[in-house]
Amino acid sequence: MRDLYILGIESSCDETAAAVVRSGEHVESNVVFSQIATHQPYGGVVPELASREHLRGILPVVRQALTEAHRTYEDIDAIAVTQGPGLAGALLVGVTYAKALAWGLGKPLIAVNHLEGHIHAVLLEEKQKGNRELGFPVLALVVSGGHTHLFLAQERAAGGGRATWAYQNVGQTRDDAAGEAFDKVAKLLALGYPGGPIIEKLAPHGNARAVEFGRARMKARGKVRGKKPRGVEPGAARFDFSFSGIKTAVLREVERRDMKPAIEARRATLAKLTRPTADQILAACDRETLDLAASFQRSVVDDLVSKTLAAARALEVETLFVTGGVAANFALRAEFEHQAGSEGLAVYFPSRQLSTDNAAMIAAAAYPKLLAEEFAAPEFSAEASLPLR
Ligand code: KG4
Ligand code: ZN
């Protein structure tokens, strides 16, 4: 079969991204324009600023992706775009641009769910390594700044004798996403933004056993839904997470230890630096802060790993995917590998580069849809709370 080129476009949050992927597995280019510097002063993503930055970034990013792939608009077989979930205004920039481009070029347009993109980031790289024998069903933990979801993924027959993937949501956070907890705790401790990578760098310098945060105890609530069960019966117990409690527990610890003056002093020190390095942030941290950061990370990692493995056992899966921005975390990877390995469960992560938002994963997720000719309807639009099915 001839090579097929997909131009992927991603604009769901604070990354404007475009990529060219050949035949679903060869990344010809992967351009990510990060807005971190824009949002840094606010300690979180400001939706209006995100939309404005996407508008500024989208054209140059797409052009750069084509140039780096040595392709022209004419060489592209299809355009894939993130339809949702994400920030409504941010998504609209990508969707509107992709629609106009597809219309103008007379090329097919494929709508991709951002969460499916994160899952296909893993698949894309496994294919590159020659691993084409995944045991289904796959349990996928998508853990990022906006999401902490568990999906049971199966292959489903699609058009033209092809297969696409089908998903059943078997658990998710009931409040904050895990990445959001990293970001909020980093903001509370005046460590900067985004919190995940900073806390990850500080954690090895602190004592992860210094503070014992109680486990989020989840009352059994909610049942797996879905008209056509694929592996899990509707009505089965869900595997939910909660991360708002630990954020409050960190705040309580800050108050109990009277850490506020030190935090404000750090905030003032770091505010004088344009983009503080990890070493500069580390130098501005006292022992209590490092212990708190290390203990927080350990608690979140333990919770993610133990709940995901409980779901894997109950659902009797052989394959686990861990993906999304927080999957870049070394401590999380090590713990998953250690614990899943001892249970004979195969666990796969994307490379760190493909863990956080990018468009290569969107183009990769679109490939089975291109083969099955599952194209977006002309009237399709961005959907901020798009479910994955
Ligand atoms: O997937 P992503 O780029 O965007 C969303 O879809 O949300 O994930 C960004 C999130 C942020 O909350 C960030 O703090 C977190 O992922 N993150 C990390 C790490 N790198 C990024 N969290 C923990 N450890 C990391 N190394
Ligand atoms: Zn994401």
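Me: F336 and F349, buried or exposed?
Reply: Both F336 and F349 are buried (under 20% relative accessible area with a 1.4 Å probe and protein chains only; over 50% is exposed, and values in between are partly exposed). This is a predicted model, in which local features need pLDDT of at least 70 and side-chain atom pairs count only at pLDDT 80 or more, while totals for chains, interfaces and linings use all residues. Residues are numbered from 1 along each chain as its sequence is written, chains are lettered from A and ligands numbered from 1 in the order written, and side-chain values use heavy atoms, without hydrogens or water.

Me: How many aromatic pairs does the count come to?
Reply: The model has eight aromatic pairs. Rings of Phe, Tyr and Trp (its six-membered ring) pair if their centres lie within 6.5 Å; planes under 30 degrees apart are stacked, over 60 edge-to-face, and the rest tilted.

Me: Why is the pair of F182 and F296 edge-to-face?
Reply: The planes of F182 and F296 stand at 80°, with the ring centres 5.1 Å apart, so the pair is edge-to-face.

Me: Which parts does that pair tie together?
Reply: F182 belongs to helix α5 (residues 178-188) and F296 to helix α10 (residues 287-315), so the pair joins parts that are 114 residues apart in sequence. Helices (H or I, at least four residues) and strands (E, at least two) are DSSP runs, numbered from the N terminus. F182 is buried at a relative accessible area of 2%, and F296 is buried at 0%.

Me: Back to F336 and F349: what is their geometry?
Reply: F336 and F349 form an edge-to-face aromatic pair, 6.5 Å from centre to centre with 65° between the planes. F336 is in helix α11 (residues 330-342) and F349 in the loop between β10 (346-348) and α12 (352-355), so this pair ties together parts 13 residues apart in sequence.

Me: What is F349 in contact with?
Reply: Leaving aside neighbours within four places in sequence, F349 is in contact (heavy atoms within 4.5 Å) with V122, E125, V322, R333, F336 and E337. F349 has 8% relative accessibility and therefore counts as buried. From F349 to F136, the C-alpha to C-alpha separation is 16 Å in space, and the two are 213 residues apart in sequence.

Me: Changing topic, which residues do ring pairs link into a cluster?
Reply: The cluster linked by ring pairs consists of F136, F151, W165, Y167, F321 and Y348.

Me: And what lies over the face of F330?
Reply: R352 does, at 4.2 Å from the ring centre. The criterion is NZ of Lys or CZ of Arg within 6 Å of the ring centre and within 35 degrees of the ring normal.
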